[in-house]
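User: I would like to learn how to read several features of a protein model, one at a time. Could you give me the general idea for each and then the case at hand?

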Amino acid sequence: MLKATQAGLDRILTLELVRVTERAAVAAARLRGRGDEKAADQVAVDAMRSELNRLPIKGTVVIGEGERDEAPMLYIGEEVGVGEGPEVDIALDPLEGTTICAKNLPNSLAVIAIAERGSLLYAPDVYMEKIAVGPGYPDGVVDLDAPAVENIEALARAKGVPVNEITACILDRPRHARLIEDVRGTGAAIRLIGDGDVAGVIHATDPDETGIDIYLGIGGAPEGVLAAAALRCIGGQMQGRLQLNTEEKIARAAKMGISDPNKVYRMDEMAKGDVLFAATGVTDGNLLSGVKFGRDQISTHTIVMRSSSQTVREIIARHQDLDKF
């Protein structure tokens with residue numbers, strides 16, 4: 001029986017999570033490039049929920065497809081698992097980058113994180129302002145409340161390079177016009193992405209491979225918690241602030257225990273304790289290869305991580321029993 005111990009979650013859960021993201025990724029990949037975001041997302045949700053309900057856990061979705069009145073499955077507060085085993089919080093995105101998948105563009109993923117009960121930020125499905133860098137820098141090298149110019153310059157000093165050798169990853173959205181202008185004004189470069197800011201944050205942890213040094217801007221709060229969970233395992237720094245800019249959003253957040261709408265959350269406040277994180281590629285990308293369909297097998301590429309051991313594993317699987325999907 002899987003169990004929670006004083007050392008944290010049973011490590012057997014690591015492989016169980018891989019099965020969850022693999023199944024969601026394969027389901028979504030069958031619809032990539034078809035132009036139907038809703039259909040791709042729905043099959044990924046169905047597949048992930050089905051696999052989660054096989055796990056011997058008492059799981060509660062704290063970051064999911066939305067609140068109960070707007071999401072029929074994997075909604076915030078939904079209980080999953082067989083109802084026996086460790087009590088865990090679950091953050092998930094069955095299809096990170098629905099538009100990316102529909103257009104068959106890079107970096108669409110199936111993503112999940114679990115932690116011991118009470119360890120993941122329980123927040124409404126709203127926007128979140130974020131800043132993130134990878135490991136190897138002094139604590140506090142960047143600050144969400146500091147201007148973008150100061151953060152870029154501080155990061156360049158810490159890295160020991162000119163500002164023009166820094167590259168920032170930012171979602172390509174009209175709301176970021178001023179941010180993009182400010183960053184480019186420093187001489188730094190920008191990698192604009194159309195979607196998929198979980199992958200965007202993770203890319204900042206390995207600039208030698210990805211060419212990205214820092215993630216900046218406003219994206220989804222669910223993706224923020226998932227990215228924080230990943231950084232807890234890989235290393236790095238991240239801060240986030242929920243965009244509770246209406247009375248209705250403030251009231252929704254208050255029901256979830258959030259009393260300060262302006263609070264800046266550190267990485268270890270969004271995802272604390274022992275955290276497991278897994279992501280499987282749906283489409284090819286910088287982080288993971290996408291699902292490949294052969295005549296007699298299906299291939300998947302997954303990254304799975306654990307915070308307590310700082311272990312990062314890549315699993316390339318060849319599935320020959322096609323009926324399980």
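Analyst: Let us begin with secondary structure, where helices and strands are DSSP runs numbered from the N terminus, a strand needing at least two residues. Please keep in mind throughout that this is a predicted model. With that convention, Asp93 is found in strand E5, which covers residues 87-96, and Glu96 has its place in strand E5 as well.

User: Which residues does the UniProt annotation "binding site" cover?

Analyst: Such annotations may be inferred rather than shown by experiment, and here the record is an unreviewed UniProt entry, whose "binding site" annotation covers Asp93, Glu96 and Glu223. These residues are spread over 131 residues of sequence, yet they cluster in space, with a largest C-alpha distance of 8.1 Å. Asp93, Glu96 and Glu223 also belong to the lining of the largest pocket.

User: Is Asp93 buried or exposed, and which residues does Asp93 touch beyond those up to four places away in sequence?

Analyst: The term buried is applied under 20% relative accessible area, and Asp93 counts as buried because its relative accessibility is 9%. Setting aside residues up to four places away in sequence, Asp93 touches Glu65, Leu109, Ala110, Val111, Glu223 and Leu226, so that one of its partners, Glu223, is a residue of the annotated set.

User: What is the relative accessibility of Glu96, and which residues is Glu96 in contact with once its neighbours within four places in sequence are left aside?

Analyst: Glu96 has a relative accessibility of 1% and therefore counts as buried. With those sequence neighbours left aside, the contacts of Glu96 include Asn107, Ser108, Leu109 and Val111, together with Gly196, Asp197, Val198, Ala199 and Glu223.

User: How many disulfides does a search of the whole structure find?

Analyst: A disulfide calls for a pair of cysteine sulfur atoms within 2.5 Å, and the search of the whole structure finds zero. For Cys101, the closest cysteine sulfur is that of Cys169, at 19 Å, which is too far for a bond; Cys169 is accordingly in no disulfide. Cys101 is buried, with a relative accessible area of 0%, and Cys169 counts as buried at 1% relative accessibility.

User: How is the protein divided into domains, and what area is buried between domain 1 and domain 2?

Analyst: Domain bounds come from an automatic or database assignment, which here gives domain 1 as 9-119 + 273-317 and domain 2 as 125-268. The centres of domain 1 and domain 2, taken over C-alpha atoms, are separated by 22 Å, and the contact takes 29 residues from domain 1 and 20 residues from domain 2. About 2000 Å² is buried between domain 1 and domain 2, with carbon and sulfur atoms giving 66% of that area.

User: What value is the phi of Asn107 near?

Analyst: The phi of Asn107 is near 80°, again a positive value in a residue other than glycine. Asn107 lies in the loop between helix H3 (98-103) and strand E6 (109-116), and it counts as buried at 13% relative accessibility.

How values were computed:
Residues are numbered from 1 along each chain as its sequence is written. This is a predicted model: local features need pLDDT of at least 70, side-chain atom pairs count only at pLDDT 80 or more; totals for chains, interfaces and linings use all residues. Side-chain values use heavy atoms; hydrogens and water are left out. On a 1 Å grid over the protein atoms alone, a cavity is a set of points where a 1.4 Å probe fits but cannot get out, and a pocket is an open set with protein on both sides within 12 Å along at least five of seven lines; lining residues have an atom within 4 Å of a point. Helices (H or I, at least four residues) and strands (E, at least two) are DSSP runs, numbered from the N terminus. Buried means under 20% relative accessible area, exposed over 50%, partly exposed in between (1.4 Å probe, protein chains only). Contact means heavy atoms within 4.5 Å. Buried area is the accessible area (1.4 Å probe) that two parts lose on being put together, summed over both.
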